[in-house]
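Dear colleague,

I am passing on to you the structure shown below, together with an account of what was found in it. Please look through the sequence and the model before reading the notes that follow.

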Amino acid sequence: MHGSESGSERGATGGSGVDHAFLALERELAVFLRRARANSGEMAREVHPELEPAAYGLLVRLESAGWQRATDLAAYFGVGKATMSRQLRALEGLGLVAREPDPADGRAFLVHLTGEGLARYRSVRDARRDRYVRKLADWDRAEVAELARLLQHLNTRAED
């Protein structure tokens with residue numbers, strides 16, 4: 001052993017100073033994110049041919065979290081208010097979301113999916129879920145659940 005370096009520390013870095021576990025994580029996340037962006041574009045076009053890929057995530061969030069203020073959506077996604085306003089205007093123009101005055105603050109608005117937006121989103125979501133079921137058919141359900149749990153944990157950490 002060199003100095004205070006333990007066997008487990010050497011194993012993680014291979015003695016090179018590079019933590020191979022985190023290097024592998026970064027590499028796999030980069031591939032995953034690249035594929036997810038491409039997939040998001042496909043799903044956005046399935047919802048509506050004019051929907052921007054980045055706006056698809058807004059539909060996901062609004063379906064899961066319900067009515068939201070634009071400022072809360074901007075904070076959740078880590079984008080500026082101007083970017084969020086532009087994306088919401090586009091979604092509203094496509095008839096996928098609507099804005100209503102916030103009863104708690106008359107100066108603010110709450111954004112929500114329209115019936116059309118919800119129906120289109122759910123149709124695409126269900127088709128995507130069917131693709132995951134097929135792709136992961138040979139996985140044990142406990143592995144799928146563990147992957148979901150770990151990704152949720154990672155996403156929660158990203159919010160901090």
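Two strands are said to pair if DSSP finds at least two bridges between them. On that basis, β2 and β3 are a pair, antiparallel and held over 6 bridges. Please note from the outset that the model is a predicted one.

**The sheet**

The pairing of β2 and β3 belongs to an open, antiparallel sheet of 3 strands, whose order is β1-β3-β2. The two edge strands are β1, at residues 68-69, and β2, at residues 97-102, and each of them pairs on one side only. Between β2 and β3 the chain passes through a hairpin of 2 residues. One of the positions at which these strands meet is Pro101, whose bridge partner in β3 is Phe109.

**Salt bridges**

The whole structure contains 12 salt bridges. One of them joins Arg122 to Glu63, with the closest N and O atoms 3.2 Å apart. This pair connects distant parts of the chain, since Arg122 lies in helix α6 (residues 115-135) and Glu63 in helix α3 (residues 53-65), 59 residues apart. Arg122 counts as partly exposed, at 36% relative accessibility, and Glu63 is likewise classed as partly exposed, at 23%.

A further salt bridge is formed by Asp126 and Arg125, again with 3.2 Å between the closest N and O atoms. Is Arg125 buried or exposed? Its relative accessible area is 16%, so Arg125 is buried, the limit for that class being under 20%. Asp126, at 33%, is partly exposed. Glu63, Arg122, Arg125 and Asp126 are linked, together with Arg129, in a network of salt bridges.

In helix α7, Arg149 and Glu146 are 3 residues apart, about one turn of the helix. Their side chains meet in a salt bridge with an N to O distance of 2.8 Å. Arg149 is partly exposed, at 45% relative accessible area, and Glu146 is partly exposed as well, at 36%.

The patch covers about 570 Å² and is made by Phe32, Leu33, Trp139, Val144, Leu147, Leu151 and Leu154. Which element supplies the largest share? It is α7, with 4 residues. Leu151, a residue of helix α7, has a relative accessible area of 31% and is therefore partly exposed. A patch residue must have over 30% relative accessible area.

**Confidence in the model**

The mean pLDDT of the protein is 87, and 89% of its residues reach 70 or more. Confidence is highest in β1, at a mean of 96, and lowest in helix α1 (residues 7-13), at 50. Over residues 1-10 the pLDDT stays under 50, and the model has 8 contacts for this stretch beyond four places in sequence. Where pLDDT is low, the predicted coordinates should not be read in detail.

With kind regards

Key. Residues numbered from 1 in each chain as written. Predicted model: local features only at pLDDT ≥ 70, side-chain atom pairs only at ≥ 80, totals over all residues. Heavy atoms only, no water. Patch = residues over 30% accessible without salt bridge, like charges linked within 9 Å, V, L, I, M, F, W, Y side chains within 5 Å. Areas by Shrake-Rupley, 256 points an atom, 1.4 Å probe, with all protein chains shown as cover. Salt bridge = Lys/Arg side-chain N within 4 Å of Asp/Glu carboxyl O. Buried < 20%, exposed > 50% of the residue type's maximum accessible area, 1.4 Å probe, protein only. pLDDT = per-residue confidence, 0-100. Contact = heavy atoms within 4.5 Å.
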